[in-house]
Amino acid sequence: MKKSLSQFQTIVEELLKDEVENPMADHIPANELFDRLDLSLEEEPIDEERFDKALTELVMKTPRTATNAFFNQLFGGRNEKAILGDLLAVVLNNSMYTYKAAGPQIGVEKVILRQICDMIGWDDQSDGTIATGGSMTNFMSMLMARDANDQKVRFEGLEKKLTVYTSKESHYSIPKNAAFSGIGRDNVRFIPTDERGKMDVEVLKGTIAADQANGYQPVLVNVTAGTTVLGAFDNIEAISAVCEERDIWLHVDGAYCGSVLFSDTYRHLIKGVEKVDSFSVNAHKMLGTPLTCSIIVVKNKQHLRDSFANDASYLYQTDHDEFNLGKTSLQCGRRNDALKFWTLWKRVGTKGLASIVDHQFALAETAREYIRNNPDYTLYSFDDSVSVCFNYKGIPAKDICTRLYEESELMVGYGSFREDEFIRFVTINAQNDHEDILQFFKTMEQFVEDHNLEERAVSS
Ligand SMILES: *Cc1c(COP(=O)(O)O)cnc(C)c1O
């Protein structure tokens, strides 16, 4: 083990050193990958030297998501305390299904879940669990909504036609999950949004009423706290009134920006969250833990048990179910995703988590201000979002993003809202400072000039 640990340290140090000079790894075109790197698996063992070389090369050529050149997705950065926790979770290698197999690590998860429920304002009937990502915590909410509507379904299967509601701007896991849960993709109603990307509550009401009149049973409204492209927040307060009146499960998909819960300044964006049935948040997005750490909490923990508990005499042999977390999880064997969040939270406190969130919004404001003050740019996104969407000099977003990536300059993606396609710049790496944000624009502008991208856009 000692040798591998020191190998680990050497490789990581080399990576960190190289990242300072080269925030982007060299781009390897997918069709050259297997020729350029020593990836093949062979019958015979290889010597340590070749192994070390292959491994180091692999690490050095892998996209760098923690540097100030990565703005591509809804995660980024490298929080050292969270990494410490995750490394220890790997070394300890517990499975979170029972107290017997995970011991105090169960307490680590429970204390996180309890704290989040308390922050929402829920009593001790609430609880939660951790799954492998936001898609899966959303899936759990849909299953609980389905079962809450009719306790027979999980035994007998679906008989009625169920419907679920989500905005056109919501995450693609919702229709996938509708397929998984037997509800069916065709029974997802994609509610249009207003001009800022928030679900249109009047259309939602009308659609539910029409479905009920046509013999459908509405079971779930999914609202989004931070839509994937614009970072918009649906109006939880107004939609909770709709759901309460019609007895429909309300879930908040806060995978992207549910972490505003931790900030006194931005918690108002999820006003009314205490009224919902379930709430999910990815600590691996705004809070910057390593992937993945996706949490779902429910106001009434009985629903977790109803939908996910199963007896297994070979597994649950000691201790109370309150400490055997397998009774409320989607999986059987389950990685310890709690420890990395706990090490971070323990070290920086809730105030430290708040300042991570606040800093991301401040970085976004820096970006928006830069864009607003520069006539070469068009801004498509709004305040109170860590997604900053824009175009530059009328150049197609796709062209700039792809060229920047292929030439190992910057990683940034594009998205669209209604008719517009634009660059989506995400200020989610809390290790960045305002200089890094301004540097991004400088680098991009220089790149456009050096590659005559503007001329090409005009002439094509
Ligand atoms: C990222 C995201 C998800 C999916 O989370 P994963 O952890 O990537 O599965 C779901 N909903 C929203 C709004 C997201 O931004």
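A word on the ground rules. This is a predicted model, where local features need pLDDT of at least 70, side-chain atom pairs count only at pLDDT 80 or more, and totals for chains, interfaces and linings use all residues. Residues are numbered from 1 along each chain as its sequence is written, and side-chain values use heavy atoms, with hydrogens and water left out.

Let's start with the whole chain. The protein chain has 16 helices and twelve strands; these are DSSP runs numbered from the N terminus, with helices being H or I of at least four residues and strands being E of at least two. Its radius of gyration is 23 Å, close to the 23 Å from the globule rule for 460 residues, so the chain is as compact as a globular protein of that length. For the record, that radius is taken over C-alpha atoms, and the rule is 2.2 Å times the number of residues to the power 0.38.

How much of the chain counts as buried? Of the 460 residues, 51% do, where buried means under 20% relative accessible area, exposed means over 50%, and partly exposed is in between, with a 1.4 Å probe and protein chains only. The chain exposes about 21700 Å², and carbon and sulfur atoms supply 50% of that. Those areas come from the Shrake-Rupley method with a 1.4 Å probe, and for residues only the protein chains shown count as cover. As for contacts, meaning heavy atoms within 4.5 Å, take those between residues at least 6 apart in sequence: 71% of them join residues at least 24 apart.

Now for the empty space. Rolling a probe the size of a water molecule over the atoms shows where empty space is left. Here the search runs on a 1 Å grid over the protein atoms alone: a cavity is a set of points where a 1.4 Å probe fits but cannot get out, a pocket is an open set with protein on both sides within 12 Å along at least five of seven lines, and lining residues have an atom within 4 Å of a point. Grid points are joined across faces, edges and corners, and a volume is the space filled by probe spheres set on the points.

The largest pocket has a volume of about 1100 Å³. Its lining has 34 residues, and Phe-8, Val-12, Leu-15, Arg-78 and Ile-83 lie nearest the centre. Which helix gives the largest share of that lining? Helix 1 does, with eight residues. Helix 1 (2-21), helix 3 (48-60) and helix 4 (80-92) each supply at least two. By class, the pocket lining divides into 18 nonpolar, ten polar and six charged residues. In this scheme Ala, Val, Leu, Ile, Met, Phe, Trp, Tyr, Cys and Pro are nonpolar, Asp, Glu, Lys and Arg are charged, and the others, Gly among them, are polar.

There is also one cavity of 30 Å³ or more, and the largest cavity holds about 30 Å³. Around it sit Lys-110, Asp-127, Arg-305, Asp-321, Glu-322, Leu-325 and Thr-328. That makes five charged residues, one polar and one nonpolar.

Next, some backbone details. Most residues other than glycine have a negative phi, and most peptide bonds are trans. Leu-291 and Thr-292 are joined by a cis peptide bond, with omega about -15°. Thr-292 is in the loop between strand 7 (278-282) and strand 8 (294-298).

Asp-247 has a positive phi, near 55°. This Asp-247 is in the loop between helix 11 (236-246) and strand 6 (249-254), and at 68% relative accessibility it counts as exposed. Ser-408 also has a positive phi, about 55°. Its loop runs between helix 14 (397-406) and strand 11 (411-417), and Ser-408 is partly exposed at 24%.

Last stop, Lys-81 in helix 4. Buried or partly exposed? Lys-81 is partly exposed, at 28% relative accessibility. Leaving out residues up to four places away in sequence, Lys-81 touches Thr-343, Leu-344 and Arg-347. Its C-alpha atom is 17 Å from that of Gln-105, 24 residues apart along the chain.
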